[in-house]
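Hi everyone, thanks for coming. Please take a look at the structure on the screen, and then I'll walk you through a few places in it.

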Amino acid sequence: MKQLLAILICAFTATACTWVQDDNDSCPYGFWLRLHYSYNILDVDAASKYVTDAYIYIYDADGNYVKRIYTTQDELAANNYRVRVEDLPEGDYQFLVWSGMGNRSYAVAGDTQDMDSFLLSLTTDGDASSTQLPGLYHGLLTNVHYDDAYAEHDVELMKNTNQLACIVVSVTEQNELSTDEYTMRLVSANSVMDARNQLATDKETAYNPFAEESITINDADYGELHGLKYDISTLRLMARRDSRIILEKKSTGQTLINVSIPEYIGMIGSLYTNLGRQLSVQEYLDRQDFYTIVFYLSADLDELIQLRVNNWRLRAVNHLKL
């Protein structure tokens with residue numbers, strides 16, 4: 001009899017959360033979306049450091065718009081980067097999440113229409129951007145059932161912004177380059193994304209530097225070199241959509257550099273692994289968000305002879321195609 005009573009007490013304790021609930025109840029309740037940002041090169045969850053807010057667009061199973069939820073960074077932090085979803089009829093839903101979107105750098109269209117109409121675009125001055133873009137993150141959760149039962153669903157965010165520190169040097173220390181003589185830009189048709197984080201435009205945008213300066217570097221092969229540093233901020237880089245870095249001489253319009261960034265970044269991306277598997281080019285582009293790219297010009301400043309992406313060197317004789 002004592003054994004039966006003990007079993008009944010344990011059973012009641014295990015199920016009590018579904019019997020009674022009040023404001024002081026420690027039992028979990030509600031339907032929650034938990035935001036993560038571990039899809040990065042370090043494979044660590046950095047949501048608390050980088051995720052600033054969240055717009056959550058809710059669609060039914062057929063992609064019809066239902067409603068939108070907005071939550072601030074303070075609210076996210078207070079709820080351990082979870083967002084509670086309430087007042088939905090029981091059924092299957094899709095949840096589109098954007099963080100960092102509430103900024104004048106971005107605009108949305110079709111946000112209260114069906115899911116296929118949603119577009120997020122970069123706000124530009126004409127067809128050019130010269131600003132350091134605030135971090136933009138995308139997440140999508142599909143085929144999720146909503147009811148009154150307690151549930152937490154993980155949403156993995158992907159960063160959609162990248163920063164490039166582009167350095168141009170001459171391989172002889174006698175040459176000193178000036179920002180008054182050269183101009184650099186990144187050109188890509190990547191300024192509009194759809195709800196599934198795919199590119200939705202063929203129109204090219206010129207990403208001009210938001211900062212530029214003359215610098216000196218100490219190079220393992222060439223020693224002390226003088227050059228220029230251009231800081232450029234761009235939206236998502238895609239392996240199958242070309243994005244090109246172009247360096248021109250202002251006085252003549254001569255093009256000194258015109259290279260495909262996804263191609264050369266992809267060469268080193270294949271050297272990285274995650275949990276024992278080799279990364280695809282696209283996964284590396286999505287996980288890595290900062291690149292230092294050094295362009296080495298010949299002594300007469302008319303030929304690109306070497307390229308360094310982060311700490312990997314690509315030499316002209318083997319790799320470079322201009």
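Let's start with a question: which residues does Asn 310 touch, not counting residues up to four places away in sequence? They are Ile 268, Tyr 284, Gln 288, Phe 290, Tyr 291 and Thr 292, where a contact means heavy atoms within 4.5 Å.

Before we go further, a word on what you are looking at. This is a predicted model, in which local features need pLDDT of at least 70 and side-chain atom pairs count only at pLDDT 80 or more, while totals for chains, interfaces and linings use all residues. Residues are numbered from 1 along each chain as its sequence is written, and side-chain values use heavy atoms, leaving out hydrogens and water.

Back to Asn 310. You'll find Asn 310 in the loop between β23 (304–309) and β24 (312–315). Helices (H or I, at least four residues) and strands (E, at least two) are DSSP runs here, numbered from the N terminus. Asn 310 counts as buried because its relative accessibility is 15%. The cut-offs are these: buried is under 20% relative accessible area, exposed is over 50%, and partly exposed is in between, with a 1.4 Å probe and protein chains only. The side chain of Asn 310 also makes a polar contact with the side chain of Tyr 284, at 3.5 Å. By polar contact I mean a pair of N or O atoms within 3.5 Å; within protein, one must be able to donate a hydrogen and the other to accept it, and residues adjacent in sequence count only if both atoms are side-chain atoms.

There is something else about the backbone here. Most residues other than glycine have a negative phi. Asn 310, however, has a positive phi near 55°. Asn 80 also has a positive phi near 55°, and Asn 80 lies in the loop between α3 (73–78) and β4 (82–85). Asn 80 counts as partly exposed, because its relative accessibility is 48%.

Now let's zoom out. The protein chain has five helices and 24 strands, and buried residues make up 48% of its 322 residues. Of its contacts with a separation of 6 or more, 64% are between residues 24 or more positions apart.

Five of its seven residues are buried, so β18 is largely enclosed by the rest of the structure. On one side of our story is β13 (residues 182–188), which pairs with β18 in the antiparallel sense over seven bridges; strands pair if DSSP finds at least two bridges between them. Ser 188 has Ser 243 as its bridge partner in β18. Then there is β19 (residues 255–260), antiparallel to β18 over five bridges, with Glu 248 opposite Thr 255. The hairpin of β18 and β19 has five residues between the strands, and Gly 253 takes a positive phi near 75° there.

What about the nonpolar cores? A nonpolar core is a set of buried Ala, Val, Leu, Ile, Met, Phe, Trp, Tyr and Cys residues joined through side-chain atoms within 4.5 Å. The largest one has 51 residues, of which Trp 98, Phe 118, Met 184, Ile 245 and Phe 295 touch the most other members. A second, separate core has 26 residues, including Ala 47 and Val 83.

Last stop: the rings. Phe 31, Tyr 93, Phe 95 and Tyr 146 form one aromatic cluster. Rings of Phe, Tyr and Trp (its six-membered ring) pair if their centres lie within 6.5 Å; planes under 30 degrees apart count as stacked, over 60 as edge-to-face and the rest as tilted. That rule gives 12 aromatic pairs. One of them is Tyr 93 with Phe 95, a tilted pair with 6.5 Å between centres and 45° between planes. Tyr 93 is buried at 7% relative accessibility, and Phe 95 is buried at 0%.
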